[in-house]
Amino acid sequence: MTDASMTRAERRRARRIRRFDNPWLNPKLFWGIGLLLGIVVLGILGRVFWDPELVFVGSGIPKLPPPGFENLRGQAGTFTNPLGTEGSGRDMLALIIIGAPNSLFVGLLASLIGMSIGIFLGFTSGFVGGRTDDVIRVLSDVMITIPPLLILVVFQSAFGDVSLTMMALLIAGFVWQSPTRLIRAQVLSMKQSGYVQMARLSGASTWHIMFKEMLPNLVPYLFGSFIANVTTSIVTAVGLEVLGLGPQRIPTLGRTIYEAINAGALIQNLWWWWGIPTLLLAVMFIGLLLINLGLDEVSNPRLRKLKL
Amino acid sequence: MRTIPTSYLLNRLLTLFLTVFIAATLIWIIPRLSPVDPAEIMLGRMAAGAGAVADSEAILAQLRANFGLDDPLFIQYLKYLCNTVTFNFGLSTATFPTPVSALIANALPWTLGLMILSLIVTFIIGNLLGALMVWEESPKLVKVAIPAAMVFTSIPPILSGLLLMWIFAANLRWFPLTGAYGLTVEPGWTWEFAISVLHHGFLPALSIVIVTFGFWALGMRGLMITVQGEDYVTLAKAKGLKPRYILYKYMIRNAILPQITAFALKVGLLIAGQVLVERIFAYNGMGKLLYDAILDQDFPVIQGVSFVIILMTALSVFIVDLIYPFIDPRIRHEAST
């Protein structure tokens, strides 16, 4: 059917189908990225419109609820601290403005480093083969079994305070395995495929084949693996913080939860103290999950037919 | 009875051995790189307890000798490896002189119990829901409700644990807030104790279940989509078999097996998540032991607990790898894998 013979409504529908046929434009991906951007925007706008100095201990009355609620001592919340204050008088809003982007930063940085190591090792393993491949394969098999949390607990309890970047670097040492395995498997199967053979026959360099021929095909998988690693990294970081490790001098969501549990915030019904960081972390994880589901649809067209 | 090729078995054994070896080595090296001296911590604890310690230099030297810190590093390392193999992690410094292995032996049954229970429940619920999501005959409500519930499965179990604790323990007071059994109950094989254990274990188990079933459900969904298009399912429908019969005997049976290998990839995260759940519920397992040890800077306990948990993880992966070919006859091990 030619374009001219279609009615206007038909043409519009065809355009819409074509637009939605682009797998990168699916609503899950959109919402997931939106939620994460929301947290970044909170961090940026918060620093502009709210006073980050309020994260210091004693900048307000301790254990003050959000406006409209009363705490056990009968104090009502005020708009000086719109999300209440925690046990030592820090403003909750300022705390999450500083803390939430920190958690995201650790996750992204750790995953980015892990990903780079993974791409390098995966390609090396798949292309070079032989002894190198054996070593890399066994090493990634071994390291994928070791839970990062426990080694990091040993590390941090021996060394004490760490910075955010240091924590991200440490976590990165445990998230390179799955991208390595993924890329190795894909490279091995692609090496046999027609277009790579073709490129090789036409005299393309290994470098060209790796980055121009293979890498573009790996993009959806790489993104999926990257997002999964961001989740793992944030879970590990929050886990360390809830155990009382991790950065001691920078506000993080996990550390706020740790302090809330230790102060008995659950019994005293100080829900805003542990609840707000919990909610933000939940938003972060749901955002990451949605992105991952969206990416699944990109890389696995069979899923697109089904609604989740 | 099918047999496993020796090369495959050797390969898996090598991976298991290397995992445990690398983990043990990391656990040993890391504290050696740190400037903190365990003997001084010990002395500090004595000083804090007694007010002052006379002759501290002599005590420090004695403690270092006891900890074996005078030996050359290589000898220390060999001794450590020998001790670790025999589960001798030394003495706890916080509750001196309790052996670390005794503390772990007390905590391990609680952790294993909670883990196995929540794992079985999650596996059943998750796979069933995942299958229902794809099944054509399932009610509309199921297809809408499950995906909505699934969103929460991206959340780590500490967060769900906090929420459940607040609702059911702190506010409604249906369940106790912390601990693994009541303070007034004597541990033993009595009904009273069993009920108390179940009552205390319900919330920790639930907080793990509600955030992990989605992992299985998602995996099952993917597998079911593949199975759904298979010819044997079409044939079964054409034969006029009951849809429910097809679901259980044809679809789930074929889709569920690869799910077991998914466990091997997930087990590390599951255990780490449970450690944190135990910490917030002050449940008498490895998580609480680890947390208390971190607070007390009790290095032997931290090392021992970390090692045992990593060993548990590596062993579960090993076992899954070995039993899988027996469960799923479609899998044949290549000699080279």
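This is a predicted model: local features need pLDDT of at least 70, side-chain atom pairs count only at pLDDT 80 or more; totals for chains, interfaces and linings use all residues.
Biologist: Which residues does A:Ala100 touch, not counting residues up to four places away in sequence?

Modeller: Residues are numbered from 1 along each chain as its sequence is written, while chains are lettered from A and ligands numbered from 1 in the order in which they are written. A contact means that the C-beta atoms, placed from the backbone, lie within 7 Å. With residues up to four places away left out, A:Ala100 touches A:Ile39, A:Leu42, A:Gly43, A:Leu253 and A:Leu280.

Biologist: Is A:Ala100 buried or exposed?

Modeller: A:Ala100 is found in helix α3 (residues 92-128) of chain A; helices are DSSP runs of H or I, at least four residues, and strands are runs of E, at least two, numbered from the N terminus. For the label, 20 or more other C-beta atoms within 10 Å is buried, 12 or fewer is exposed, and in between is partly exposed. A:Ala100 has 25 C-beta neighbours inside 10 Å, so A:Ala100 counts as buried.

Biologist: Are α10(A) and α11(A) roughly parallel or antiparallel to each other?

Modeller: Helix α10 (residues 253-262) of chain A packs on α11(A) at about 150 degrees, with the axes 9 Å apart. Axes are lines fitted to C-alpha atoms over the stretch in contact, and angles run from 0 to 180 degrees between N-to-C directions. Under 35 degrees counts as roughly parallel, over 145 as roughly antiparallel, 65 to 115 as roughly perpendicular and the rest as oblique. That therefore makes α10(A) and α11(A) roughly antiparallel.

Biologist: How many residues does chain A give to its contact with chain B, and how many does chain B give?

Modeller: The helices giving two or more residues to chain A's side are α4 (130-145), α5 (148-159), α9 (206-242) and α11 (271-299). That side divides into 30 nonpolar, six polar and two charged, where Ala, Val, Leu, Ile, Met, Phe, Trp, Tyr, Cys and Pro are nonpolar, Asp, Glu, Lys and Arg charged, and the others, Gly among them, polar. The totals are 38 residues from chain A and 45 residues from chain B.

Biologist: Where in chain A is confidence lowest?

Modeller: Chain A averages a pLDDT of 83, and 93% of the residues score at least 70. Helix α6 (residues 164-172) is highest, at 91. The lowest mean, 67, belongs to helix α1 (residues 8-21) of chain A.

Key. Two residues are in contact if their C-beta atoms, placed from the backbone, lie within 7 Å. pLDDT is the predictor's confidence in each residue, from 0 to 100.
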